[in-house]
Amino acid sequence: MTPYSLSFEERFPDLRLGPAEELKQGQAVMLRLTKIFAEVCGELGLTYWIDSGTLLGAVRHGGFIPWDDDVDVAMPREHYEEFLRRAPELLPYDVYLDASNEYAKLRDRYSTRMPANPGDPRDSVYIDIFPMRRFPAMRKALARLRLLIPPYGIPGVPQGASPAYTAYRIAVSMAAVLLRATGLMWLIRFLCLFGDRHYWSYDLTKTWHHHFNDEWIFPLRRMKFEDAEFMGPADAASLLAYQYGDYMSPPPEHERNHHGLGTILVTVPSGEPWSLPWPKRPPSPGKELGDA
């Protein structure tokens, strides 16, 4: 392959220096990361689609959910592994791939995220890249039972819950103990191997119970997100209705938060060895990121 020849500075201008609130600046950085991610996937011939809250934002807001602080994209497992192998040689110097977890993050070197808890370490602005795999129909049918067996723990009973919900959680906890004690958990794992593979789910040790129909995702189509277009599922409406229910109705004000984040400082590096000092230069001319 020839060296990657795109000028990221020209194609994906960095807007973080513009006057904007911290979260909006952070979203500008995340949008740039997503554009770079999509461009690299195109260069390598890899498949991806926007996922989860990012897909919801594209449909409901035409871009970011106004209070969202990350971007979610998904890739078939085979394409995900290819991205991990080949993307680092194509990324610009101020972006790096963090594959230290079960799912990768594309990170910005010029930023830090400060969690709400003072003792937590600082983190950089990123987008999440989730590996996906087709799974058998029985895995979807038994998805909630799978959440009661290892590697998941025994569900607890939250404090302050209503008597009805407390009784429900106690029953669920007892069911989890029973599945372990009787060995039925092995039967559940065995049954999850059967059925047609028409359902996509996150290929992680611990994950959500969602299994998306194949026809909801493919064939992929281009979807508007802020001032760009990214690949999205074929039937986003069905997928979002399955995942979120009434997805077009925003949650109440007190629930409009994400990840419990305290502050995003997009011009302050995290202090880790891979972070970079912010260059002393004036803001780049150009259009600022508009309201989501």
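Reader: Is Phe64 buried or exposed?
Author: Phe64 counts as buried, because its relative accessibility is 2%. Buried means under 20% relative accessible area, exposed means over 50%, and partly exposed lies in between, using a 1.4 Å probe and protein chains only. This is a predicted model, where local features need pLDDT of at least 70 and side-chain atom pairs count only at pLDDT 80 or more, while totals for chains, interfaces and linings use all residues. Residues are numbered from 1 along each chain as its sequence is written, and side-chain values use heavy atoms, with hydrogens and water left out.

Reader: Which exposed residue can you show me, for contrast?
Author: Gly271 counts as exposed because its relative accessibility is 64%. Gly271 is in the segment after strand 11 (261-265).

Reader: How many helices and strands does the chain have?
Author: The chain has 10 helices and 11 strands. Both are DSSP runs numbered from the N terminus: helices are H or I with at least four residues, strands are E with at least two.

Reader: And how much of the chain is buried?
Author: Of its 292 residues, 45% count as buried.

Reader: Which aromatic pair does Phe64 form?
Author: First the rule: rings of Phe, Tyr and Trp (its six-membered ring) pair if their centres lie within 6.5 Å; planes under 30 degrees apart are stacked, over 60 edge-to-face, and the rest tilted. The count by this rule is 14 aromatic pairs. In one of them, the rings of Phe37 and Tyr48 are edge-to-face because their centres are 5.2 Å apart and their planes stand at 75 degrees. Phe37 is in helix 2 (residues 22-44) and Tyr48 in the loop between helix 2 and strand 1, 11 residues apart. Phe37 and Tyr48 are both buried. Phe64 pairs with Phe225, also edge-to-face, at 5.0 Å centre to centre and 70 degrees between the planes.

Reader: Where do Phe64 and Phe225 lie?
Author: Phe64 is in the loop between helix 3 and strand 2, and Phe225 is in strand 9, so their pair ties together parts 161 residues apart in sequence. Phe225 is buried too, with a relative accessible area of 2%.

Reader: Which residues form an aromatic cluster?
Author: Tyr103, Phe130, Tyr202, Phe212, Trp216 and Tyr242 form one.

Reader: ok, helix 3. How many of its residues are buried?
Author: Eight of the nine residues in helix 3 (residues 52-60) are buried. Among them are Leu55, Leu56 and Arg60.

Reader: What do the buried residues of helix 3 pack against?
Author: They pack against strand 1 (49-50), strand 2 (72-76), strand 7 (199-202), strand 9 (221-225) and helix 10 (236-244). After helix 3 comes Gly62, with a positive phi near 75 degrees.

Reader: New topic. How do strand 3 and strand 4 pair?
Author: Strand 3 and strand 4 (residues 104-108) are antiparallel, over four bridges. Two strands pair if DSSP finds at least two bridges between them. A hairpin of five residues joins strand 3 to strand 4, and Val95 has Asp108 in strand 4 as its bridge partner.

Reader: Which way do the residues of strand 3 point?
Author: In strand 3 (residues 95-98), Val95 and Leu97 point one way, Tyr96 and Asp98 the other, and all are buried.

Note on methods
Contact = heavy atoms within 4.5 Å.
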